[in-house]
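Me: I'm new to this one and would like to go through it with you. Can I ask how you know what you say about it?

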Number of protein chains: 2
Amino acid sequence: MNNRIINILRQGKPEEKVKIQGWVRTKRELKEFTFIEVSDGSSLANLQVILNQDLPDYNNVIKKLSTGASLAVEGVLVESPAKGQKIELHAQTITIYGECDGKDYPLQKKRHSLEFLRTIAHLRGRTNTLGAVMRVRNACAQAVHQFFQEKGFLWVHTPIITASDCEGAGELFTVTNFNLDNIPRNDQGKTDYTEDFFGKKAYLTVSGQLEAEIMAMSFENVYTFGPTFRAENSNTSRHLAEFWMIEPEMAFCDLEGDQNLAQEFLKYVFKYVLDHCPEDMEFFNLRINNTVLANAENIINNEFARITYTEAINLLEKCDRTFQFPVEWGIDLQSEHERYLAEEYFKKPVIVTNYPKDIKAFYMRLNEDQKTVAAMDILAPNIGEIIGGSQREERYDILESRIKEMNIDPQELWWYLDLRRYGTVPHAGFGLGFERLVQFMTGIDNIRDVIPFPRTPMNAEF
Amino acid sequence: MNNRIINILRQGKPEEKVKIQGWVRTKRELKEFTFIEVSDGSSLANLQVILNQDLPDYNNVIKKLSTGASLAVEGVLVESPAKGQKIELHAQTITIYGECDGKDYPLQKKRHSLEFLRTIAHLRGRTNTLGAVMRVRNACAQAVHQFFQEKGFLWVHTPIITASDCEGAGELFTVTNFNLDNIPRNDQGKTDYTEDFFGKKAYLTVSGQLEAEIMAMSFENVYTFGPTFRAENSNTSRHLAEFWMIEPEMAFCDLEGDQNLAQEFLKYVFKYVLDHCPEDMEFFNLRINNTVLANAENIINNEFARITYTEAINLLEKCDRTFQFPVEWGIDLQSEHERYLAEEYFKKPVIVTNYPKDIKAFYMRLNEDQKTVAAMDILAPNIGEIIGGSQREERYDILESRIKEMNIDPQELWWYLDLRRYGTVPHAGFGLGFERLVQFMTGIDNIRDVIPFPRTPMNAEF
């Protein structure tokens, strides 16, 4: 492996001989010599390279080194006289791998809109913003694994293709092996799914939770980290048809343990990214959204507030605010309510627990009041809901009747019910959308700009 | 978090007070006291717990503690007089969370076939074999991330849903939002995909390589680790419809660098798993396949042999063996040929390079002989092909004509070709199926037993 530019910028010493490889970001021709800035994608900052006229074939080399061209440079590090950089590279030999036609190249020196960059997603990683996003995204993902692995959680791969449609988290994509021009029909003229690849209707998963619960019932602590899907026709800056989700699940854990873990998790991930990508995070704070660093510090440094849904409703009813959506016990909290609680009342992250059962999923544990379930949502300032979780219903009879209440056929969930028959245990977990987390961390407005190749209605390019 | 049993077994000291939680594996009632073996999924070995008659409500507790029941035990560690275990737990208080009806519970004390266990995939993690598999699977996955992250590779999430079908690696699953009973048709009576969610035909990905190449052209070194799909109707012990794949991609890398990285990668992963799951690996060697440890050591300790395809053909032609598939230059190597090379001739892993272009993919770099491409396959003793990779064609004109030769519309790959127009660089990568790797590591025969919830023809249960 050659020297990565990030290591040279951080640790390079004058007079060291190095070889770097990368792409030209800018070129500045002066009379006596030429400056080029080279990036290899390892850091926000480029390495400045000085090419002197005594370099072999100088004029020809310079001509070819336009923005986007790829090259290797061998040379010697020298202290930089320029402000804001400590080191630069004095070139001794240059190898050009690929030129880049300046007339054609879509990434010109000027600033490009993020909308435009989406149309050239195969090149946008070469820009400052998308470069920083993808490095932070990687650090964030690594923080997730490291957090759970240090605690002895197993990473479990729950299925992507599923025959179960009972999670009810939105519209499902169908997965089929049929030729859609010629679908086998049964006697009633309906699709004959017994002829399809899996012998029944199959979908793309909307959540790995139910299968993660299976794994927690054998391995105690597990987490998923994989793609999930929604076929919702939502063309918004917060929705993707395909996104990655993280779902830890813990046996022998109640709602309090769930809250503790979620808080510890968020603090860990934000701290990890600040520690590992300081330049990228400063860039976001400076260029994208100036609340990014304050938000991160707020999450890292504060004990999260904890209130029940009922307490939250009381607070909202008592406050001297007029909300667009009227507040009363039983409503789903709207964004304006969540923002008031996190940003104005607590001014830090707040965990709201014990929501009315009617607005939550069938698998959440019924509380003694028979009206609420052991659910939790974490709301963060300037961010909104970032995590949702619950203690799961571990009592067979209550779970079965909740399933029937929701008009789900218990036969469809025979294995889920089985877990409550054979050594059932209190257990809990939570879920968060990975792209939302990266959005929150970077301050990037549109979720399409925090995933390499977004899938949205009418768009599956690249 | 409570104490995990693996930590108690490894580090627990007599007279320590501990609390454990888990599921009863076996119970042995003697006159004066009762032994139970408890597992929490953290290790192959169970913790032996001794319940004395002076325990409150002894008889009732014992009755409820059948195989499969879940409980918490608080007590004191004592040195074990029994052979093969150093420590056991003397119970002081027992909390039973969930009983388990012995008549119904499918996991009886007897040995169950792996085939049977597949039908109860929601419980099979509680058996020795599947427990060990899932722990090794997790360690293996963690080794993958750690290996690449230490080297500064970014984990990139390439898309699962894709509109491109030109990889040609097998049959594709269709992803659609249509109601299959009522599909919109165009003038010719064909499916009108412009009405579908993505506005065109969409599939589940068979490989993230082409998109990984995009990311390598911005970030130099990247890897994918995500699910991929094949709609092949192959009911074999080596095929899954849904499996996880690892695909590193390196800019500024040729076939030699590719081989070096692949060798280092395999050694690292095998060593990591031996270091982190020694008991599980011994179990596989003892109970599943007695070549497992020798294979791992062979991979870890040997420099892999390296030969060209042409040399391999010469070796096979010269050897005193009759193969079922006759050997001649141009053939695809069959399993019997690969086994001869790795097991009999070299007796260690061997990397075969520079295959005939006609049996390899369009994106592999054409060699100067115009007949072969810069491909590589790694063959391992008792394992067969474990990795396939190549240097990619970075020259625009040659790539374009290879694409046309394969009857692919270059328009479909406009972005892939663009990478060769704007600062193209030599680059290379490889791919391996994660489940195959776990199979090889554990000696498990059937690939359905190394993934939590296998998807195969006519099966998408759980």
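Me: Of the contacts in chain A with a separation of 6 or more, how many join residues 24 or more positions apart?

Reply: 67% of them do. Keep in mind that we're looking at a predicted model. As for helices and strands, chain A has 13 of the former and 16 of the latter.

Me: What makes B:Met364 a buried residue?

Reply: Its relative accessible area is 8%, and buried means under 20%. So B:Met364 counts as buried. You'll find B:Met364 in the loop between β13 (350-356) and β14 of chain B.

Me: Which residues does B:Met364 touch, not counting those up to four places away in sequence?

Reply: B:Val373, B:Ala375, B:Gly389, B:Ser390, B:Gln391 and B:Glu393. They count as touching because contact means heavy atoms within 4.5 Å. B:Gly199 is 165 residues from B:Met364 in sequence, with 31 Å between their C-alpha atoms.

Me: Why is A:Lys86 called exposed?

Reply: The cut-off for exposed is over 50%, and A:Lys86 has 60% relative accessibility, so it counts as exposed. A:Lys86 is in the loop between β4 (70-79) and β5 (87-98) of chain A. Leaving aside neighbours within four places in sequence, A:Lys86 still has contacts, with A:Leu9, A:Val78, A:Glu79 and A:Ser80. A:Leu107 is 21 residues along the chain from A:Lys86, and their C-alpha atoms are separated by 27 Å.

Me: And B:Met458, is that buried or exposed?

Reply: Exposed: the value for B:Met458 is 52%, and exposed means over 50%. B:Met458 sits in the segment after α13 of chain B. B:Met458 isn't a glycine, yet has a positive phi of about 65°. B:Gln370, in the loop between β13 and β14 of chain B, also has a positive phi of about 65° without being a glycine.

Me: Which residues of helix α8 in chain B are buried?

Reply: In α8, residues 292-301, the buried ones are B:Val292, B:Asn295, B:Ala296, B:Asn298, B:Ile299 and B:Ile300. They pack against α6 (255-276), α7 (278-288), β14 (372-380) and α13 (434-442) of chain B.

Me: What are the domains of chain A, and where do their bounds come from?

Reply: Domain 1 covers 5-105 and domain 2 covers 125-171 + 206-449. The bounds come from an automatic or database domain assignment. The centres of the two domains of chain A, taken over C-alpha atoms, are 45 Å apart. Nine residues of domain 1 are in contact with ten of domain 2.

Me: What share of chain A is buried?

Reply: 62% of the 462 residues. The C-alpha atoms of chain A fill a box of roughly 85 × 60 × 45 Å along the principal axes. Chain A has an accessible surface of about 18500 Å², with 45% belonging to carbon and sulfur atoms.

How values were computed:
Residues numbered from 1 in each chain as written. Chains lettered and ligands numbered in written order. Predicted model: local features only at pLDDT ≥ 70, side-chain atom pairs only at ≥ 80, totals over all residues. Heavy atoms only, no water. Helix = DSSP H or I, 4+ residues; strand = E, 2+ residues; numbered from the N terminus. Buried < 20%, exposed > 50% of the residue type's maximum accessible area, 1.4 Å probe, protein only. Areas by Shrake-Rupley, 256 points an atom, 1.4 Å probe, with all protein chains shown as cover.
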